[in-house]
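Here's a quick briefing on how the pieces of this model pack together. Have a look at it first, then read on.

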Amino acid sequence: MAQPFEILIAEDNPADVALVREALKTNNLDCVLHVLSDGEKALARIDSLDKDPKTPQVDLLILDMHLPKHDGEAILKRLRSTRHYARTPVIVMTSLASRWIEDNAAKDGALVYCSKPSTLDELVKLGAVVRNMLEQHGRGAGNPAPEQ
Amino acid sequence: MTAQTLKALTHLGNGSDPASREILDALPVAVYITDSEGRLTYFNAAAAELSGRSPQLGVDQWCVTWKIFLADGTPLPHDKCPMAVALKGGEVAEGIECLAERPDGTRFWFMPYPAVLRDAQGRITSGINVLVDITSRKHAQDQAEQAALLLSAIVDSSDDAIISKDLNGRITSWNQGAERLFGYQAEEIVGRPVTVLIPPDRLDEEPRIIARLKAGERVDHFETLRRKKDGTLLDISLTISPVRDAKGNIVGASKIARDITERRRAEAEILRANRDLEQFAFSASHDLHEPLRSVKIYSELLTRRYSDKLDGQALEFLGYLRAGATRMEVLVSDLLAYIQVSKREEGPETADANAALAIVLASMAASVSESGACIVSEPLPTVPMHAAHLQQLFQNLIGNAIKYRSRERKPEIHVAAISQDAGWTFSIADNGIGIAPEYREKIFGLFKRLHTNEEYSGTGIGLAICQRIVDQYHGRIWVDSEPGRGSTFRFTIPRTRKSSE
């Protein structure tokens, strides 16, 4: 049996974390979800992962833009500046798409944004977005992390 | 009084024939005659009337009057009066103004015209004096002086700067308000060109103002900047009117300058406060949406996932929970739309109403066909407003016409606009349930509703948004209605937008 996907989620609202779990479950995605409840924890985890010799260990980052301490912008920049996670897929979850997000999504092929679900249909859609990102950009998707 | 008249009178006075005396008696001016010593030998009826007394012939000396004063009010002894001076061989200046008092205390102003008669040897034999009553002229003169004093007191007490200039742009008068406002004293600025008050980058304003004045036009509430003596700039409002001479020629201009620095500051503050409020409302509505989203989706999840474990009442309660959250969501977005009406829209400020209506009808296609509504529109004008605002007006008013339709007939909606002097009046007429007269003004208020949510859903913001949009263009919105028959909403859009310049 294949290994479960490793997903980081930077989100301070437990209700939204639970929604993501629901979305994964609905789509029958076998995942381990690591929750980072503020910007500081998210940055620290990215730094320590990048130093870890066993890389890459993460298949996807689900990012809320409005986090305590450091916002999603800072976290995305840090992730993209790492050695091993510069091309890791990211789903920005926001209820208000900003110009900054749109511009970044336009030039970063491994970045999409989607609104936080407010209906069951949207919840299912979120799960589909996760599946799609994992299949296109995740580990073992024929798109290995760059050497060096 | 000409020398010739005086000479004729002298001849009359000299003649002792009754005919001459009759003429003198009948003259409407005061005349009296004295001997060489100044004793009165004759006075006419007009002299008695003017002086308010009947002098004693041969006793009263020098003058027919009771008491005399100089123009400055100092008493003048009779033996120093102009007639006495003349009889004593002195020169009498012409045009002296004297004040006399009658025995009853009343006073009058007069001008004496004394003359002496001489015999063949040149000795003075008698004198004749004509007193011309100038009281009414003096009064008129006093009144004019009083009025001028009052006017200058008013001008000086004004907080506004009141300045006059000639057509060469030189300052000709400068009140205390101008001294306070600009810091120049009248002495140092009168005679200088008005351009000393104009900042260098606005010097082109002056020729334009002068040109308008020469054409006889006024300049009303022209808001601009002017420079004080110390170089600081002032926000002022100028009202400039041409000044004409007695013949009607324009000879200069009067200028009232009002300091509007404070008003400008207040306006900027209101603008800032409004922007803050918009910003606040925007974030608040976003932040309110977030918890609502959780309520909505979890109540949906509960319903879907646990419907077999919940009894009927629990499911009913869940239904209320979801309905409440949905309603709150609509409220928050409507409120946001209401607040954002005042936000500056991008794009041109003209809208083709036909295009705006077409866009709205396309977006409403579902509800139009569901209700079976028949919507007819006349050719519509292009109006000076943002298309988004006009669309919002159509959207809300046509949406209401469909929503508040009668159960007995299919909705028929007629959209038209008529052109008038001041602008356009749009009308959206329906055959719906109508509105009772007592509610026709109320409905434009925020959160004002006439129906329960079960009867007709809504937030009570739609018409308030319409009101706010129309207000922004200085137009008007109102409704005429016959309950049970239908309503006609009308709004006006003025032809030229009132700019804030």
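In chain A, the axes of helix H2 (residues 39-51) and helix H3 (residues 72-80) come within 10 Å and cross at roughly 0 degrees. Here axes are lines fitted to C-alpha atoms, for helices over the stretch in contact, with angles from 0 to 180 degrees between N-to-C directions. That makes H2(A) roughly parallel to H3(A) (the label covers angles under 35 degrees).

This is a predicted model: local features need pLDDT of at least 70, side-chain atom pairs count only at pLDDT 80 or more, and totals for chains, interfaces and linings use all residues. Residues are numbered from 1 along each chain as its sequence is written, while chains are lettered from A and ligands numbered from 1 in the order in which they are written.

- H2(A) brings Gly39(A), Ala42(A), Leu43(A) and Ile46(A) to the contact, and H3(A) brings Ala74(A), Ile75(A), Arg78(A) and Leu79(A) (contact: C-beta atoms, placed from the backbone, within 7 Å).
- By class, that contact has six nonpolar, one polar and one charged residues.

**Sheet**
- Five strands of chain A form an open sheet with parallel pairing, in the order S2-S1-S3-S4-S5 (strands are DSSP E runs of at least two residues, helices H or I runs of at least four; pairing takes at least two DSSP bridges).
- S2 (31-36) and S5 (111-115) of chain A are the edge strands, each pairing on one side only.

**Chain contact**
- Eleven residues of chain B are in contact with eleven residues of chain A.

Conventions. Two residues are in contact if their C-beta atoms, placed from the backbone, lie within 7 Å. Angles under 35 degrees count as roughly parallel, over 145 as roughly antiparallel, 65 to 115 as roughly perpendicular and the rest as oblique. Ala, Val, Leu, Ile, Met, Phe, Trp, Tyr, Cys and Pro count as nonpolar, Asp, Glu, Lys and Arg as charged, and the others, Gly among them, as polar.
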